[in-house]
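Subject: Structure for your review

Dear colleague,

Please find below the structure that I am handing over to you. My notes on what was found in it follow directly after.

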Amino acid sequence: GQPLEPRRLSLAAVPELAGLQAVLSAARARVRRQQRGSLAAERAVQAVRAAAELPFPAGLRRERELFAELRASGQARAMQYAFFAERAASRAQGTAQGTARGTAAPLPLRTAAVIGLGTMGRGIVTCLVKANIPVVALEQDQEHLDTGRKAVMLLLEREATKTEQGGQTLDFHNPARLQFTVDFDLLRDVDLVIEAVFENMALKKEIFHKLSRVCKPEALLCTNTSALDIDEIASATSRPQQVIGTHFFSPAHVMRLLEIIRGRHTSPTAIATATQLARALGKVGVVVGNCFGFVGNRMMFPYVQQAVFLLEEGSTPEAVDQALEDFGFKIGPFRMSDLAGLDVGWRSRQGQGLTGPAVAAGTPARLRHGQRYSPLPDLLCESGRFGQKAGRGWYRYERPGGRTATPDPWLHDLLARYRHTHGIESRRIDQEEILERCLFALINEGFAVLAEGVAAGPEHVD
């Protein structure tokens, strides 16, 4: 029999909350660290502040103001574009270089194999196990197999903990689901093979020659190369139409992008099957053309190159990474390089004849093919600094395989000696110059990729 009005919480006085300012300050610091540059995360904290401090009607008005500001922002438009671009790219099966010849049905993917249990191979095995696709993991000898097995099982234990929290179980102790071997003959009946050995064309061609003799005729033969020519790899087989690039990004079990590279002879069925694989793994599969570095790495080359040039001229890895992470990148170019492994790029440059014994005597240290070149990454690799896996790269880590990057006085000393050797006068480089030089290099390469037809449209690049 009492009126309802006094019971409405919206009419109650806003209570004083102990420690409110400390909680809000901590939340703001956390979102700034975890979602750098994100307007929405910061505005969410402001909305909670309004709810905790203002009367109900005023709090609602403040929320509406914050929402209206976000809705009209460039970030909102960019996120809407990215949402639809991702779906458009993952649906497409062609590139401007060669559109898919009709729509083809994918082949069934009941079993898979992964060759090579280095950093990438381990992540790819983990992806397949998580997708409930039985896997045969192959290495060159027992020693490498044992090392790879331990690393894969450790990764899967971590992933199992996450899936159990979500109410799922990960079955990876069953040999029918995951088998480790050094015997190529066990690949005889698999539907798909992903080669994930290091970037060496001769080795990859040797493996693909063997695969075309061992695997069943309809098996899809995939290479996880990050830059090498798909057609040359396919030339080592008797079935180039079955060869396709499936370029995972490091760490393979985390990163959502899967670059699908079509060669000159790759069949529509192979493309459809690789696209289906991407979906099964919960990844965004983007079909691109065949050129050195494809789209992802090709665009990364000038971006990272400018970052290294900035070091030559007076900046530091932490200053460059900070500028790009503050702008909104999840990870700066130097922390990214340490994570991926500096030796990957080093081997690629050796293969291109940019460094190592193939460089002709008398070649200027900072010039290759008439273009500016920095040997700084080569010098790090020659010192055994391969990134996180070695516990030192552009940064220092608490141990080999460690994750926490700390500035390294050794590296700063190397930069000082390098500048002195090459007569480079160190100067102060501000955040704006770092952003412009790195981002414009990235953007310009994106336009070149489109102009050459390596990607079918801007959505694929983005």
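**Domains and their interface**

The protein is divided into domain 1 (residues 5–72), domain 2 (residues 112–290) and domain 3 (residues 300–460). Please bear in mind throughout that this is a predicted model.

The size of an interface is often expressed as the accessible area lost when the parts come together. Between domain 2 and domain 3, about 750 Å² is buried, with 62% of it on carbon and sulfur atoms. Of the area that domain 2 buries against domain 3, F198, E199 and S250 supply 37%, more than any other three residues.

Which polar interactions link the two domains? The count between domain 2 and domain 3 is one residue pair in polar contact, taking pairs with both residues at pLDDT 80 or more, and zero salt bridges.

**Annotated span**

The unreviewed UniProt entry carries the annotation "domain: 3-hydroxyacyl-CoA dehydrogenase C-terminal" for residues 293–397. In the model, this span is 51% helix and 4% strand, and its end C-alpha atoms lie 29 Å apart.

**Salt bridges**

Side chains of opposite charge can pair when their charged atoms come close. The count for the model comes to 32 salt bridges. One of them joins E53 and R49, whose closest N and O atoms are 3.3 Å apart. Both residues belong to helix α2 (residues 39–53), and because E53 and R49 are four residues apart there, about one helical turn separates them.

**Backbone points to inspect**

Most residues other than glycine have a negative phi, and most peptide bonds are trans.

- The peptide bond joining S250 and P251 is cis, with omega at about -5°. P251 lies in the loop between β6 (243–248) and β7 (257–261). S250 is also one of the three residues named above for their share of the area that domain 2 buries against domain 3.
- N132, a residue other than glycine, has a positive phi, near 60°. The loop between α5 (119–130) and β2 (135–138) contains N132.

With kind regards

Key
Residues are numbered from 1 along each chain as its sequence is written. This is a predicted model: local features need pLDDT of at least 70, side-chain atom pairs count only at pLDDT 80 or more; totals for chains, interfaces and linings use all residues. Side-chain values use heavy atoms; hydrogens and water are left out. Domain bounds come from an automatic or database domain assignment. Buried area is the accessible area (1.4 Å probe) that two parts lose on being put together, summed over both. A salt bridge is a side-chain nitrogen of Lys or Arg within 4 Å of a carboxyl oxygen of Asp or Glu. A polar contact is a pair of N or O atoms within 3.5 Å; within protein, one must be able to donate a hydrogen and the other to accept it, and residues adjacent in sequence count only if both atoms are side-chain atoms. UniProt positions are given in the numbering used here, feature names are shortened, and annotations may be inferred rather than shown by experiment. Helices (H or I, at least four residues) and strands (E, at least two) are DSSP runs, numbered from the N terminus.
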